[in-house]
Amino acid sequence: MAEPSSKPADRLFLLLSAVLLIFGLVALASASSPAGYSKFGDTFYFIKRQLLFGFLPGLFLFLVFARLNYRLLQKFSGLIYLFSLVILALVFAPGVGLVKNFSSSWIHLFGLSFQPSEFAKLAVIIILARLFSENKDLSDWKNNLIPVFATLMPAVLLIAAQPDVGTLSILIVIIFSMLYLANTPKVYLAILGLVGAIGFAVLLIAAPYRVQRLTTFLYPELDPKGVGYQINQAFLAVGSGGLWGLGLGHSRQKFQYLPEVQADTIFAVIAEEMGLLITSVLVLFIAFLGLRGFKIAKGAPDKFGYLLGAGIMVWFVWQSFLNISTTIGLLPLTGVPLPLISHGGSAMVVMLAGFGIVANISKHTKFN
């Protein structure tokens with residue numbers, strides 16, 4: 001359902017999104033060139049894939065969702081969520097699911113790879129926005145909260161079973177934040193926080209490599225050539241950049257020293273090439289874009305639009321700062337991409353679709 005008479009989308013939000021997207025493509029082209037040449041004999045391998053499988057389909061979905069009335073998502077939220085569960089389950093299907101870095105997080109169909117958990121983040125936000133907009137009294141935990149958790153449990157369990165702790169942590173933050181925004185009583189939030197902490201402790205104990213990651217986070221200097229190699233090389237890249245950086249394209253760590261320069265650790269290359277000044281501006285830029293999105297959500301004409309827009313911006317901001325924090329040693333490595341910057345078609349396509357939804361909500365906001 002198109003909207004011929006609605007006002008234009010928020011220009012500032014569109015401008016900020018476009019600037020971050022262009023910056024990300026430039027940063028990826030610089031950071032990924034040695035890895036592309038070394039692995040595939042093509043300096044532009046990763047940037048070409050990002051443009052073909054991330055930017056172009058993502059831009060298409062952005063334009064579609066920016067034009068279609070966001071209230072349609074409320075109507076079809078159940079089908080969207082059910083579809084996300086089906087593709088999440090497909091990662092365990094023989095011949096379809098792919099295992100990468102100890103995690104069954106990918107499916108491979110018709111020659112293309114896709115990460116279903118990226119779509120699941122948006123699907124969870126949509127279904128939660130509908131459920132919370134319909135349930136007025138969340139203090140009635142038996143009749144209102146329990147059905148919500150029963151609905152979410154399949155998605156949480158499927159992602160935990162992959163296992164993908166990074167994506168699971170993002171999903172938990174999204175759920176917790178939307179519970180807060182929906183005015184869930186604080187005592188329930190405290191109980192849920194305690195249950196979540198216990199759950200993550202169980203996940204850590206269940207897999208020795210996760211305990212190893214935590215130990216590496218606390219004492220990265222203990223094994224600089226083994227499990228601590230990636231974080232130590234990231235520290236070296238960030239420190240080498242200084243205030244002004246070595247210059248765009250002049251990173252040394254991207255030449256086979258720092259792993260995953262095109263994905264998880266791209267922020268370290270940005271810091272090395274552009275320095276503390278530009279990376280600080282980038283962090284502030286992400287925060288400002290998030291605040292603009294939250295303002296749009298707050299001005300939505302209904303509760304569904306408010307929760308939908310706010311949930312998408314929580315996802316974007318938290319994943320951004322999670323990636324940055326792991327690179328500079330504030331949090332353990334999780335393997336999540338930096339939104340709109342790291343290489344990853346699935347992540348970019350779904351994030352741009354989410355931004356398209358926020359742009360559509362901005363057409364209905366009560367502020368100018």
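Let me start with Glu273, which counts as buried because its relative accessibility is 4%. Buried here means under 20% relative accessible area, exposed means over 50%, and partly exposed is in between, with a 1.4 Å probe and protein chains only.

Before going on, a word on where this comes from. This is a predicted model, in which local features need pLDDT of at least 70 and side-chain atom pairs count only at pLDDT 80 or more, while totals for chains, interfaces and linings use all residues. Residues are numbered from 1 along each chain as its sequence is written, and side-chain values use heavy atoms, with hydrogens and water left out.

Back to Glu273. Its side chain meets that of Lys254 in a salt bridge, at 3.0 Å from N to O. A salt bridge is a side-chain nitrogen of Lys or Arg within 4 Å of a carboxyl oxygen of Asp or Glu. The pair links distant parts of the chain, 19 residues apart: Lys254 is in the loop between H10 and H11, and Glu273 is in helix H11. When I say helix, I mean a DSSP run of H or I with at least four residues; strands are E runs of at least two, and the numbering goes from the N terminus. Lys254 is buried as well, with a relative accessible area of 3%.

In general, side chains of opposite charge can pair when their charged atoms come close. How many salt bridges does the structure hold? It holds six. Another one joins the side chains of Asp10 and Arg292, at 2.6 Å from N to O. Asp10 lies in the segment before helix H1 (11-40) and Arg292 in helix H11, so this pair ties together parts that are 282 residues apart in sequence. Are these two residues buried or exposed? Both Asp10 and Arg292 are buried.

A further salt bridge is formed by the side chains of Asp302 and Arg71, at 3.2 Å from N to O. Asp302 is in the loop between H11 and helix H12 (303-327), and Arg71 is in helix H3 (residues 71-75), so the pair ties together parts 231 residues apart in sequence. Asp302 is partly exposed, with a relative accessible area of 23%, and Arg71 is partly exposed too, at 32%.

Next, backbone angles. Most residues other than glycine have a negative phi. Asn183 is not a glycine, yet it has a positive phi of about 65°. It is found in the loop between helix H7 (165-181) and helix H8 (186-206). Asn183 counts as exposed because its relative accessibility is 62%. Glu260 also has a positive phi, near 55°. Glu260 lies in the loop between helix H10 (229-241) and H11, and is partly exposed, with a relative accessible area of 31%.

Now the surface. Which residues form a nonpolar patch there? They are Leu243, Trp244, Leu276, Leu277 and Ile278, with about 510 Å² of accessible area together. Patches are made of residues with over 30% relative accessible area and no salt bridge, joining like charges within 9 Å and nonpolar side chains (Val, Leu, Ile, Met, Phe, Trp, Tyr) within 5 Å. The areas come from the Shrake-Rupley method with a 1.4 Å probe; for residues, only the protein chains shown count as cover.

A pocket is an open set of points on a 1 Å grid over the protein atoms alone, with protein on both sides within 12 Å along at least five of seven lines; a cavity is a set where a 1.4 Å probe fits but cannot get out, and lining residues have an atom within 4 Å of a point. Points are joined across faces, edges and corners, and a volume is the space filled by probe spheres set on them.

Helix H13 gives the largest share of this pocket's lining, four residues. By class, the lining has 14 nonpolar, no polar and no charged residues. Ala, Val, Leu, Ile, Met, Phe, Trp, Tyr, Cys and Pro count as nonpolar, Asp, Glu, Lys and Arg as charged, and the others, Gly among them, as polar.

A search of the whole structure finds one cavity of 30 Å³ or more. The lining of the largest cavity divides into seven nonpolar, three polar and no charged residues, including Gln50, Pro337 and Met348.
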